[in-house]
Amino acid sequence: MLFLCISNRRNFKMEIGRNLSDCPTHHQHKKFKTTHQIQTSGDGEIPKLPEEIIVEILTRLPVKSLLKFRCVSKSWLWVISSPQFIKTHLRFWAKDATFSKYRIMLTISDPGFNLKHCSVRSLICEPSTEAFNIDYPRKHPYRAVWVVGSCNGLICIAINEKDLFLWNPSTRISTKLPPVEVKMIPGFYNIFGFGYNESSDDYKVLGIFCAFGNVGVYESVVKLYSLKTNSWKRIEDFKGGEPLDDSGKFAGGKLHFSTIRGIGLDFRWDIVSLDLETESYGIVEQPNYGEGPSDSSLGVVGGCICILCNYEKVRVDLWVLKEYGIKESWTKVASIPYLNDPGKFLHSKPLFMLPNGEILLVFGMHLVVYNPKDNCLRHPETSNFGAFLEADVYIESLISPAASEV
C-alpha cells in the first residue's frame, strides 16, 4: 500500500491509504506492489514527487476525497483541476470492474417532486440499499423535475419542462442554460436530449419542438445548445417521422429517438439518430426480431443502444447493438420473464448490465435484478425510497458544467 505521509495531516494519510486499498485495480499495478514511506522535511513541507506518481495516486481516489485534497497545495489543486486529469480520472473509474462509482438518480413525485440517488453496486450486490436526498438547482416540492439524460457525470435536468440546467451531482456545480426561444402554434410539445461531441470536446443539448397543424400537418423546430458557446442555434428540422415523447438516448456520439410514421399496414416504429458532430440525421437499422413484439422501447445500457421488446406481457427480450453502425452486431442478450402479475406493470428500462449477465432494470415504478443463471427476478431491498417516476444511471466525476471550463 502506498502512503503519502504528510506532517500534521494524518487524515490525508489515512484517507489515501483507505481509498487505495479499496481500489479494485490497486494490486494489479506493479508500481504499487512495494510499500513506500515518503517522509517530509523537518519544516513540515510536502516533498516534491514526480507528477506521474501524484497523478497515479490521485486518479485512484473518489471525487469526494479529491474535492477535499485540492487544498493540500497549489500543485495538487492544479493537477486535480486540470482537464487532462479530470478525463483520466473519469476513464479510470468508468472501466472499474466493481462499478463502484456508478449511481442511480431517482425522480420522485410523492409527496412532492424530488431527486434521490443510490449506489448501483449496492442495489445489485448488497443485502440492502439506502437512497439519499440531494440538493439540485431550483429544488422545490411543487416544481416538476425531469432528468433529460446523463453523460460523463453531468446530468441535464428540466424544471417545469422549461428551465434547463447542466448539473454535476458529485461536485454540486450547475449551469443554467439560456432560454430557448421558439415560435410554434399553441399546444406544441417538446423533447430534449443530452450528449457529448468528443471531436470538439463539447456537451450539447438538443431540443425538438413539435406541433400538428389544423389539417394534421406535422411541424417541428429543432435547436441545439453548445456548452462551449453557451448558446442555442437552429438546425435542420427533424427527419424520420414523429418523435415519441421521450428523452433522446445518447450512444456512439449520437442522440437517438423513437419515432412513428404511417398508419395501418404502413405503420412503422423507427430509431432516428442525430450525429452531434455533423448535425445530420440517420436511421438505425433494427435487429431481425423473428416473432414481432407487441411493444418496443429504446434505451442505453453499457454505453450501447438497446431495445426492450415486450411480448404480450409474457417475456421481454433485450437486444443490444454491440458495434455501432453494424446491423449484424445486434445481440439478444436476455429473455426476461415477467413476475406473477404481468398485467400490472411492464419492464420499461434497462439500467445496468454486469459482465456475468445480471441486469438491473425498471419494472413499473420499482427496480428489479434479473439473474440469467437461474432465470429469476428479485427485488432489491431499499430504504428511503419507494415508487419513483424515472431512474437514470450516472457516474461520479469531476467534469464541470461551467461553459468557461469546457
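Predicted model: local features only at pLDDT ≥ 70, side-chain atom pairs only at ≥ 80, totals over all residues.
Helix H3 (residues 63–69) gives the most to the lining of the second largest pocket, with 3 residues. Residues are numbered from 1 along each chain as its sequence is written, and side-chain values use heavy atoms, with hydrogens and water left out.

**Pocket and cavity**

- The second largest pocket holds about 310 Å³ of space. Of its 14 lining residues, Lys64, His117, Ser170, Arg172 and Glu396 are the closest to its centre.
- By class, that pocket's lining has 7 nonpolar, 2 polar and 5 charged residues (Ala, Val, Leu, Ile, Met, Phe, Trp, Tyr, Cys and Pro count as nonpolar, Asp, Glu, Lys and Arg as charged, and the others, Gly among them, as polar).
- There is 1 cavity of 30 Å³ or more, and the largest cavity has a volume of about 40 Å³.
- Leu244, Asp246, Ser247, Lys249, Phe257, Ser258 and Leu298 line the largest cavity; they split into 3 nonpolar, 2 polar and 2 charged.
- On the terms: on a 1 Å grid over the protein atoms alone, a cavity is a set of points where a 1.4 Å probe fits but cannot get out, while a pocket is an open set with protein on both sides within 12 Å along at least five of seven lines; lining residues have an atom within 4 Å of a point. A volume is the space filled by probe spheres set on the points, which are joined across faces, edges and corners.

**Helices packing on H5**

- Helix H2 (residues 51–59) packs with helix H5 (residues 83–94) at about 45 degrees, their axes 10 Å apart. That makes H2 oblique to H5 (under 35 degrees is roughly parallel, over 145 roughly antiparallel, 65 to 115 roughly perpendicular, the rest oblique).
- On the H2 side, Val55, Leu58 and Thr59 meet Phe85, Thr88, His89, Phe92 and Trp93 in H5 (contact means heavy atoms within 4.5 Å). This contact has 5 nonpolar, 3 polar and no charged residues.
- Helix H4 (residues 74–81) and H5 pack at about 60 degrees, with axes 5 Å apart, which makes H4 oblique to H5.
- Val79, Ile80 and Ser81 of H4 touch Pro83, Phe85 and Ile86 of H5, a contact with 5 nonpolar, 1 polar and no charged residues.
- Helices here are DSSP runs (H or I, at least four residues), numbered from the N terminus. Axes are lines fitted to C-alpha atoms, for helices over the stretch in contact, and angles run from 0 to 180 degrees between N-to-C directions.

Definitions and conventions: Helix = DSSP H or I, 4+ residues; strand = E, 2+ residues; numbered from the N terminus.
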